[in-house]
Every structure is written in C-alpha cells, then in structure tokens.
Amino acid sequence: MQVKKIYWSIAAIGLSVASGAQAADAERIAQLEKQLQILQEQINGLKSTSPTRSEVQELRQEVATQKKDSVVAGSLPGSFRLPGSDTSIRLYGAAELNMVHEAKGDNGANDYATFAPFIPLNGSPDAARKGQTYLHARTSRLGIEALTTTAYGPLKFKVEGDFNNDPRNGDASNSGSVATIMTQRNTNSYDFRLRHAYFEMGSWLVGQTWSTFMDGANAPETVDFNGPVGNTFIRQAQIRYTHSTKNYGDFIVAVENADSYVLDSQGMVTADGFAKVPDLIVRWDKNFSWGGVSLRALSDEFRINGALGNQSRRGSGFAASGSFRPTGSDTLSWMLTGGTGIGRYLNVIHGAAYNPGADRIEMERAAGVVLGYQHRFSDSLRANLVYGAQRTYDNAYTETAMANGFGGGRYGVNRSVSQIHVGAIWNPVKLVDVGLEYIYGQRETLIGEKGESSRLNLMLRYNLN
C-alpha cells in the first residue's frame, strides 16, 4: 500500500510538472523535480529492504519453531507440554512444618507422629514424661507426573518421595557398632526416601504405590501424618490389573511384594523369614451418587527357612470400606479390616510367631475399625472427627506369646489399641493449609498393661500445584 501511495504521488508531481512547463514557471519546475527525486529514493529504499521469497520462508520456519518450543498447557491438570514432544509434565510437592506437643507420655522415641501400638506403658519413664515439644519439616515432599501418547494409548508415570526416613526421631542410628549422631542437633539433613514409583497403561499398573488392599479414597482426613489405627497403611511394589465397567464398578486383581514377618520364641522378628509367593489381592470398587463402597480380600504367606526349620502357612484378610454424604458439605467414612495372619496390613499387627513347642507357625487373629466424620463450614474451613481401634483375639498365637513371655512390655503383643482425632484444617489462601488437631490414644497388652497418650499437632503446609 505504501508503494502505491508513492506512485500516485509521482503521477501527481508529473502532472504538476507538465502544468508548470506550460506556464514557463522555472522555479516551480525545479521544486517539483526535487520532490520527484526524493520520492524515487524512497521507492528504491523500499525495494532494497523488501524480503525475498527465501527470506519469507525462513521467517515462517522461525515462527513455527518458536510456536513449537513455547510452553503450553499439557494433558494433565496443572501440567505443561515438553517442547517438541507429546509428553505432559506436572511437578508437585509440599513444604510442610509440624509442631508437636506431647501433653501426656513421650512416644517420640518411636515416631514423631502418633504411633499408638507403642504408646508408653504406665509406670515407664517415657509415660512419666510430659510436655515435650518438637518441630520438624521431614514430611515435605516432591513428585513428578508425566503423560505421553503411544500407539497403545496414554502412558502415565509417577515418582514421588519425601524426607521421612529412619531413624524417625532424628537423634541416632546404629551403623554396625558405631552410634552415628544424626543432624537434629545441627542441620536436620534427612535423607530422601521413595514413596511412589510406577507407570500405568490401559488397565495395567506396574511399580510401587499404595497397596491394593488399602482404600485411600475413603480414608478420613487427619492432621497427624500416620492417621488412626485400625486401618491399612502400606506402600509396596506390585503388578495390578483393573477391569472397569459402566454399571458394575471396577474389578481389580494384584500381586504384591511379600514380607514373611514371623516372630521367634523371644518375640523378635526372625531372620529366617522367607517369601516364595507374592501376596495376592482382589478388590471391587463402586461409586454411587451418595458415596462409594470398596470390598477387598488378600492371601499372604508366612514362611521360615533356616535354623527354625522350613515350613509355611498362608494367612487371609478381608476389608470393607466406604463413604456416605448425608449433606452436601458433610462426609461420613467407615472402614472394617480383619483376618488371621493379616500381619503388616494392619497397624503393627505382627501376623505370625513360631511356636517351638508345636514346631509350627501360629497366626494372629485381629480386626480393626475406623470411623470418620468431616464437616465443611466453607470452602476454606473443614473439621474432622476420627476414631480408630484394633483388637487381637485369643487363639494359638496369643497362647504362644504368653507362654514365651512376649505378651506384654513396650514392644509386646497388644490386646487392644484405640485412638481419637479432633481437628480442623483452614485454607487462608489458595495452596496453603493450616491444621490443628488433638489426639488421644490408649493401649493395653495381652497381660493387662496399659498406657495413654495425649498430644497437639499443628501443621503448616504450602502445596505446589
């Protein structure tokens, strides 16, 4: 358009020149010729700066490359797409501080979070200690998720870890015969530990994540990191297959890592524990308009191979859980778990012990229950009331524990354990959680020893993405 305007100007000048010549106005002709020269120089300049066809093509390629390399939203919520690929990446995590005040009893030697199965027993030095307060940030975590397209459908993977590594009290650990002072007294440099590492394609999941026997979707929320007793809380390597139906829910089967957790005649975990067969778990989940239901069953192996002999027994466990929404802002959650030889699938239920008199592995029979109620006052404030309990029932296992002297004591077999959590979580701004919770717990061993704990837990957390 600019070139056309200049040519029209030249034409007008030309007409003016002709008119001026006819009028014999020499001075006017000189001025018009000067203007014509200036316009011609402008035309020549435009021609010299106009891009060639090859320059236009290079420009188009550069624009396309910049568009391809630019950061764009990915297929996962909160993700971005890697430049030059179809892979979406999501980074997430949390920076978390917990401040714990032990009002009654000191269980910090076992775990900074509540650990009801090892509550100090009345009359012990730890039970007499009151008022300990400590802070830590070791539950902070980092994770990455990715999703990419393949010829067989979407491929998703996840890797996540935190700094909640042993020794959990952060004071000392034994390396051979040398006690190594940990960094709580200096820099609090705790080791990074693996939580999740798995990939999914279609109906298959392969890697480490929450056990298929655990129902995390319907578990009640607590400020306390461990949560209530009476529940399954375990991550392990597995191969899982899920068959989803539109009307009948999800049917799931998994083989998971086995750990033969057998006590010897002194009540210590024997080094002869040996696993040949993975744990087998089947599960059914179904969501409804009012909540959801999950039913699960497992079969696990207890085997010893060594000085105590070579023998095995299989245990079995069952669980049912779900949630119910009585109102639009309230949620009631429930969980029932039990079995014989359920072992580590309940909170510090040992599972099995070797009976030297019968030369036989005896399996523990136990059950647990969890009830939770959440009320939302607003989108930024919610309150939780949670109760959990578990119990060991009399059988050959309890007889073995009593006969061999590990039916009581600090790490002895518990008859019952219970716990209640009362707390609230507030979101003052987006991505920030402020939680405060009171936790009370009780414990009784097979021989009747009892213990109590009482504590406050303040949690401050910033959530990335």
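Val-262 has Ala-352 of β17 as its bridge partner. Two bridges join β12 to β17 (residues 352–355), and these strands run parallel; strands are DSSP runs of E with at least two residues, numbered from the N terminus, and two strands pair if DSSP finds at least two bridges between them. The open sheet has the order β12-β17-β18, with mixed pairing. Because β12 (262–263) and β18 (360–363) each have a single partner strand, one side of each is left without a neighbour in the sheet.

## Basis of the model

This is a predicted model in which local features need pLDDT of at least 70 and side-chain atom pairs count only at pLDDT 80 or more, while totals for chains, interfaces and linings use all residues. Residues are numbered from 1 along each chain as its sequence is written, and side-chain values use heavy atoms, with hydrogens and water left out.

## Salt bridges

The count comes to 21 salt bridges, each a side-chain nitrogen of Lys or Arg within 4 Å of a carboxyl oxygen of Asp or Glu. Glu-102 pairs in this way with Arg-455, the closest N and O atoms being 2.6 Å apart. Glu-102 lies in β2 (residues 88–104) and Arg-455 in β23 (residues 450–464), so the pair ties together parts that are 353 residues apart in sequence. Glu-102 is buried at 2% relative accessibility, and Arg-455 is buried at 3%; buried means under 20% relative accessible area with a 1.4 Å probe, protein chains only.

A salt bridge also joins Asp-285 to Arg-283, with closest N and O atoms 3.0 Å apart. Asp-285 is buried at 19%, as is Arg-283 at 13%.

Definitions and conventions: Helices (H or I, at least four residues) and strands (E, at least two) are DSSP runs, numbered from the N terminus. Buried means under 20% relative accessible area, exposed over 50%, partly exposed in between (1.4 Å probe, protein chains only).
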